[in-house]
Amino acid sequence: MTGLVHHEASIIGSVRDEQVMRAPSYHPAVGVYLSAVRKNIHGLVPRDRVERYLSETAYWILCRAKMLESDGLDEDSAVRQATAEHDEPQQLGFALVEEYFESRAEGPLVKRMGRANAIVFTVFGLATGIYFLLLQLMLAFPRTDALHGSLSPAALERFYPALLPYPELSWQFVVASLYPLVVPFLGGWVAGRLVPVRAQESVLMGMVPLVLFSCCASWLLLPDKTGVVFTVLLVVFWLPVASIIARVSSSRLRTRLNSGVAC
Amino acid sequence: MLILAILRNQSLAGFHIAQELKLQSGGRLEFQQSTLYPLLNKMHKDGLLDSTWHQSDNESLRRIYSLTDKGRAEAERQIRAWNEYTKTVGQVLDRLGP
């Protein structure tokens, strides 16, 4: 085995990046398999990289087929079996897209967290920061208007543990209430557009440090119990909604990009 | 660690790394392309592996992986740590008896 590899290594020649790659004619089963993989990576990976990935995949399958041939199978059966034994095209496509995506990670934070997680962390980190600032505005520009709801503040507190940050008929109240409701949809959609595969997992991973940060910072910074409520909101609303929306958005993006592939 | 160990003395393509792992483990460790490549990519990003694309006359393009100096040092460190760990565990089990 090792000897074989060494022999191969001695006859192979380096390929420059810009060299036009030869496109060997593959067995039909391999061709069909490669087309299926191509469908999953087209548009998400640069064309030259797609060809390299596919060529490498073909090499993997054909090496396996050679081994099966040496075990006594005829060439056609060996190639078909090697192809059937290989990864599911979608699974392999995801791995290749992820490899390309993460290979462009730069900077210590991105390298440590992974590019996808860092993108989610940035998107929702900004959103969280903006919300913190919005809620801080009530300290800088306090509204002393009375609440207009039918419930008294004491009755209201049974349902909402913190004091309402603004009177309900003020524009500040609308902004402060709508913002956290809209952000998981919008942020999840943006994250799904920026992270091509496993966006929902990245949302979960990228938001964990934010939840911990929010828990500590909101306790210290935000007035009353609003911060704690916000942390709960992050866990029970932002996290699930954003991950679902990110998954849908990412999937739609892949479908749109992959639909242009010529097999 | 096993990938680093395999690449200590040779440069190999992904398929052959997987085959070596399977062969040396008696078939117990089997890696598919989708499982192996993220690992190789991570090690490459961490500076443990170097890779070059190669193509022979009648075969497909593939990437050949080799250890960098950092990877070689990391391989030695991990193997030494593993040997010490298994030795220690073995000693404890021996003293505890059957």
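1. Helix axes here are lines fitted to C-alpha atoms over the stretch in contact, with angles taken between N-to-C directions. The model is predicted. On that basis, helix H3 of chain A (residues 47–70) and H3(B) have axes that come within 12 Å and cross at roughly 125°.

2. The crossing of H3(A) past H3(B) is right-handed. On the chain A side, the residues are A:Glu56, A:Thr57 and A:Trp60. They meet B:Gln33, B:Leu36 and B:Tyr37 of H3(B). By class, this contact has three nonpolar, two polar and one charged residues.

3. Within chain B, helix H2 (residues 14–24) also packs on H3 (residues 33–45). Their axes come within 10 Å and cross at roughly 110°. H2(B) is therefore roughly perpendicular to H3(B). B:Gly14, B:Ile17 and B:Ala18 of H2(B) meet B:Leu36, B:Tyr37 and B:Leu40 of H3(B). The class count is five nonpolar, one polar and no charged residues.

4. B:Leu36 and B:Tyr37 deserve a look. Both meet H2(B), and both are also among the H3(B) residues that meet H3(A).

5. Helix H4 of chain B (residues 69–96) has 28 residues. From first C-alpha to last, H4(B) reaches 41 Å, close to the 40 Å expected at 1.5 Å a residue. After H4(B) comes B:Gly97, with a positive phi near 80°.

6. Which residues of H4(B) are buried? They are B:Gly71, B:Glu74, B:Ala75 and B:Ile79. Their cover includes helix H1 (2–6) and strand S3 (62–67) of chain B.

Terms used. Residues are numbered from 1 along each chain as its sequence is written. Chains are lettered from A and ligands numbered from 1 in the order in which they are written. This is a predicted model: local features need pLDDT of at least 70, side-chain atom pairs count only at pLDDT 80 or more; totals for chains, interfaces and linings use all residues. Side-chain values use heavy atoms; hydrogens and water are left out. Axes are lines fitted to C-alpha atoms, for helices over the stretch in contact, and angles run from 0 to 180 degrees between N-to-C directions. Helices (H or I, at least four residues) and strands (E, at least two) are DSSP runs, numbered from the N terminus. Angles under 35 degrees count as roughly parallel, over 145 as roughly antiparallel, 65 to 115 as roughly perpendicular and the rest as oblique. Contact means heavy atoms within 4.5 Å. Ala, Val, Leu, Ile, Met, Phe, Trp, Tyr, Cys and Pro count as nonpolar, Asp, Glu, Lys and Arg as charged, and the others, Gly among them, as polar. A crossing is left-handed if the near helix is turned anticlockwise from the far one by less than a right angle, and right-handed if clockwise. The expected span of a helix is 1.5 Å times one less than its number of residues. Buried means under 20% relative accessible area, exposed over 50%, partly exposed in between (1.4 Å probe, protein chains only).
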